[in-house]
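Please look over the sequence and the structure before reading on.

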Amino acid sequence: LIVADGAGSARFSREGSRLATRTAKEMIKDSLTPDFWVILGPAIEKWKKDKDAQAEKIIQASLYKVLVHAAWEAKSRIKKEAQEHEARYLASYKKSEKFTARDYATTLIMTIAKKLAPGNWFIATFWVGDGGMGIYRDSAPEVFVQGVPDGGEYGGQTRFLTEDSTEVWPQDANMLIARRVRFDV
């Protein structure tokens, strides 16, 4: 499941949202091979059984390779589109205009849902922005929110996939996982 919401203040945000969702979808689709689940399956079972810390690290590292890489590729694709747009504009109109990834600002929420056994699902989420994703359990009944919405000092402020800030893309993979990647069974 992939959702993106472009920034109303960004002139090409709809295109940014389209590029983000399509790029992320292709990356995730290519990554979630049967081999991926063969490797991840035992770690999920061990984590589900006793919240094993080593199993959790294996799951997080696997999700990093899939979800974070998909988000990074989506961000990179948007940046490339901005550069190509600038070149097309110059070629068409014979004048220069600067286009940046900020012109394509978008949020992005990606969720993987995999049925494990009757009544059991593996759910993993990565998100940037002010949206949300939650898991509703009939048996509880309650909703488990799968992340922390990004916000700013003022209402309506958020973070965007296309930002280069350390708030969105910290240089430490563990910080990025802790802030942006969630999973549950």
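The points below go through the cavity, the pockets, the salt bridges and a surface patch in turn.

The model is a predicted one. It holds 1 cavity of 30 Å³ or more, and the count of salt bridges comes to 15.

**Cavity**

- The largest cavity contains about 40 Å³ of space.
- Its lining is made by T125, W127, Q146, G147, V148, R179, R180 and R182.
- Strand β3 (120-128) and helix α4 (173-180) each contribute at least two residues to the lining of the largest cavity.
- Sorted by class, the lining of the largest cavity comprises 2 nonpolar, 3 polar and 3 charged residues.

- R180, one of the residues that line the largest cavity, forms a salt bridge with D150, at 2.7 Å from N to O.
- This pair links distant parts of the chain, 30 residues apart: D150 is in the loop between β5 and α4, and R180 is in helix α4.
- D150 counts as buried because its relative accessible area is 3%, under the 20% limit.
- R180 is likewise buried, with a relative accessible area of 3%.

**Largest pocket**

- By class, the lining of the largest pocket has 7 nonpolar, 4 polar and 7 charged residues.
- E163 is buried, with a relative accessible area of 19%, while R159 is partly exposed at 26%.
- The two residues fall into separate categories because the limit for buried is under 20% relative accessible area.

**Second largest pocket**

- Helices α3 (53-93) and α4 are the elements that give two or more residues to the lining of the second largest pocket.
- The most is given by α3, with 5 residues in the lining of the second largest pocket.
- The class make-up of the lining of the second largest pocket is 7 nonpolar, 2 polar and 4 charged residues.

**Other salt bridges**

- R77, K80, E81, E84 and R88 are joined in a network of salt bridges.
- K25 pairs with E26 in a salt bridge, with the closest N and O atoms 3.8 Å apart.
- K25 is partly exposed, with a relative accessible area of 44%, and E26 is also partly exposed, at 36%.

**Nonpolar surface patch**

- Y136, V143 and V145 make a nonpolar surface patch of about 320 Å².
- V143 is located in strand β5 (residues 142-145).
- V143 is classed as exposed because its relative accessible area is 51%, and exposed means over 50%.

Technical notes
Residues are numbered from 1 along each chain as its sequence is written. This is a predicted model: local features need pLDDT of at least 70, side-chain atom pairs count only at pLDDT 80 or more; totals for chains, interfaces and linings use all residues. Side-chain values use heavy atoms; hydrogens and water are left out. Patches are made of residues with over 30% relative accessible area and no salt bridge: like charges are joined within 9 Å, nonpolar side chains (Val, Leu, Ile, Met, Phe, Trp, Tyr) within 5 Å. Accessible areas come from the Shrake-Rupley method with a 1.4 Å probe; for residues, only the protein chains shown count as cover. A salt bridge is a side-chain nitrogen of Lys or Arg within 4 Å of a carboxyl oxygen of Asp or Glu. Helices (H or I, at least four residues) and strands (E, at least two) are DSSP runs, numbered from the N terminus. Buried means under 20% relative accessible area, exposed over 50%, partly exposed in between (1.4 Å probe, protein chains only). On a 1 Å grid over the protein atoms alone, a cavity is a set of points where a 1.4 Å probe fits but cannot get out, and a pocket is an open set with protein on both sides within 12 Å along at least five of seven lines; lining residues have an atom within 4 Å of a point. Grid points are joined across faces, edges and corners, and a volume is the space filled by probe spheres set on the points. Ala, Val, Leu, Ile, Met, Phe, Trp, Tyr, Cys and Pro count as nonpolar, Asp, Glu, Lys and Arg as charged, and the others, Gly among them, as polar.
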